[in-house]
Amino acid sequence: MPDIPTPNVVRETLEEYGALTREAMAAYFPTAEPRHHLYDMLSDYPKRGGKMMRSSLCIATARAFGAEARDALHSAVAIELLHNALLIHDDIEDESEQRRDRPTLHALHGIPLALNAGDALTLLSIRPLFENFDRVGPRVALSIVRETERMAWESAEGQAMELGWRRDNRNGLSDADYLVMVLKKTCWLASIHPSRIGAMIATRGNLDLDPFIRFGFFLGAAFQIQDDVLNLVPDDTYGKEPNGDIFEAKRTLMLNHVYRLSPPAQQRELASLLDPGRRERTADQVAWIRQLMDGYGSIEYARGIAHGLAGAALHEYATIYRGLPDTRDTRFIRGLATWIFHRM
Amino acid sequence: MDKPERLHRPDPPRTEPIRDFMSYMRAAGLNGVMPGGVGLSGSAVATPDQPAASGLDAAMDQTVAHGVRLGYTVIDEQIRQGEKLAERLRQVSGKPSAMPAQEIGTLIERALNIYKDMGALAVAAVETMVRSPVLQSAVAKALHPSAAPTGDGQAAAAGAHDRTSFGLELTSGRRTQVKLDIRPGAVTLMPVVHALHAANPDLPPLTGVRFRFDPATATPLLHIDVPDGQPAGTYLGVVIDSGTEEPCGTLSVRVLPNPA
């Protein structure tokens, strides 16, 4: 009977592969001028920590299929650099105030400089992909470039969906609408892309990568929903402002659930509250919406959906990895499905 | 002549999807309890002789099952749309190019030179190249001018793009495609490969696979023995260099079904 992996293997692997990726990533940060207005800002978010789940998943997948960790390192660095670049832009778009327990980059330096730093970090994320040509050969390296382009488009589309819903004050969204948005905005970069790239590197493109879409989707969606829940019920490790998603009128599963279950008069009131820009929402209004979520059981509902998705991720994991030897890397990948619920 | 009664497989006993998180936890004998006795929702959960906590009651199970069903509906629809789009793109990109092959080769050589000289400026060129299968083929030729076309790879060790050569000894009663992909410079001594596994875990592994030294050619010889009863499928394994004990490539063997 299979045992459920303990989170220790996840923590240890994240630490090891995270440190490997951080060390490799540090070599990419320029030390030239203009340091204060650009280059120092590029390394700000990466230096604040982060879970390094994306890069670790890429390396672990590559190793699970027989590659060396170093084969996947350039790709892992590219993933982390792009992830941090998108965080800078996301924080601006969401008007967020905190990132990893510190003020966001635009809060520290202003929107114009932060935007430019995000652009530069995006450019920087391309550089390791060129170094892949020497490490994994031109055919696989080109395939990784193509995969990266696809992933970036998916992320941009998902972000556009979410921002568009907020700008147009779209309400009454279904759970399927939310999951499609999360598939694009979160899952491609967080889990689908790292898994596919890792497998591609190890098998030289000789493996059908479609199953990784399903596995990555279920894992990434469970991760995102849990992240949304943590925003409402933060633990000690949560680095963003509590209830920030309600302030930002993010169309989370919980908010959509509350809206769907509300009587018409309350729906009108909710729509009215969610319409204005973030600065116009008061703490009392946010607290009222938060109370509604408790009243309708929206947080437990979202948790249930996340648990189901995590179970589906385990199912898809078994489909992909059953033929491979049981190693620390496969245990790590499987363990992520449970770790997301008590990550520390 | 009377038609025999059609046989029906008995209905499965389950009425709910079994691929949800709770089922996995129960299958593991943990009954929804994480190590340390903490429930999935982060709250303390009941032990078997205690009444179930609210997070594990029937309503929660229904929500979990709903999440699984919803997730599969969403991702299957997305994949279906992706397949339709890919099919349309394939039809467009498969049309004969108006550009002669010689010109394509020149264009790619220039693009690669731009890459060597200008670094990141080659992004646009590379992106242009990767969109077209025609251009990709030309890229491969430009990068490996001595590489022979692989064809369909039937009963041949295709993909030997490095300087190491391998012989192939294949025993199979059926059409079999072999693809050996070795990283350039990764083989220092005789490579080793163990059983090859199919993506479908129910299929038995292909065990009759080994490398041996061929004194006639002084090169490694890959021996593959496909038993008659081996199910059709693609079997994949990692090749290890016995000198470094590091992975140096992959071997895939595709066993085609018997002709009807």
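Is Trp339(A) buried or exposed? Trp339(A) is buried, because 24 other C-beta atoms lie within 10 Å and the cut-off for a buried residue is 20 or more. The model is predicted.

**Chains**

- Chain A contains 17 helices and 2 strands.
- In chain A, 54% of the 344 residues count as buried.
- Taking contacts in chain A between residues at least 6 apart in sequence, 79% join residues at least 24 apart.
- Chain B has 5 helices and 10 strands.
- Of the 260 residues in chain B, 26% are buried.
- For chain B, 51% of the contacts between residues at least 6 apart in sequence join residues at least 24 apart.

**Helix α7 of chain A**

- Helix α7 of chain A runs over residues 111–124, which is 14 residues.
- The buried residues of α7(A) are Ala114(A), Ala117(A), Gly118(A), Leu121(A) and Leu124(A).
- These residues lie on the same side of α7(A), because they cover an arc of only 120° around the axis.
- Their packing partners in chain A are α2 (35–42), α5 (69–94), α6 (105–109) and α8 (127–136).

**Crossing of α2(A) and α7(A)**

- The axes of α2(A) and α7(A) come within 9 Å of each other and cross at roughly 50°.
- The crossing of α2(A) past α7(A) is right-handed.
- On the α2(A) side, the contact is made by His37(A), Leu38(A), Met41(A) and Leu42(A).
- On the α7(A) side, the contact is made by Leu113(A), Asn116(A), Ala117(A), Ala120(A), Leu121(A) and Leu124(A).
- Among these α7(A) contact residues, Ala117(A), Leu121(A) and Leu124(A) are also buried.

**Trp339(A)**

- Trp339(A) belongs to helix α17 of chain A, which covers residues 328–339.
- In sequence, Trp339(A) and Phe223(A) are 116 residues apart.
- In space, the C-alpha atoms of Trp339(A) and Phe223(A) are 9.3 Å apart.

Notes:
Residues numbered from 1 in each chain as written. Chains lettered and ligands numbered in written order. Predicted model: local features only at pLDDT ≥ 70, side-chain atom pairs only at ≥ 80, totals over all residues. Helix = DSSP H or I, 4+ residues; strand = E, 2+ residues; numbered from the N terminus. Expected span 1.5 Å × (residues − 1). Buried ≥ 20, exposed ≤ 12 C-beta atoms within 10 Å, placed from the backbone. Arc of directions from axis to C-beta. Contact = placed C-beta atoms within 7 Å. Axes fitted to C-alpha atoms, helices over the stretch in contact; angles between N-to-C directions. Left-handed = near helix turned anticlockwise from the far one by under 90°.
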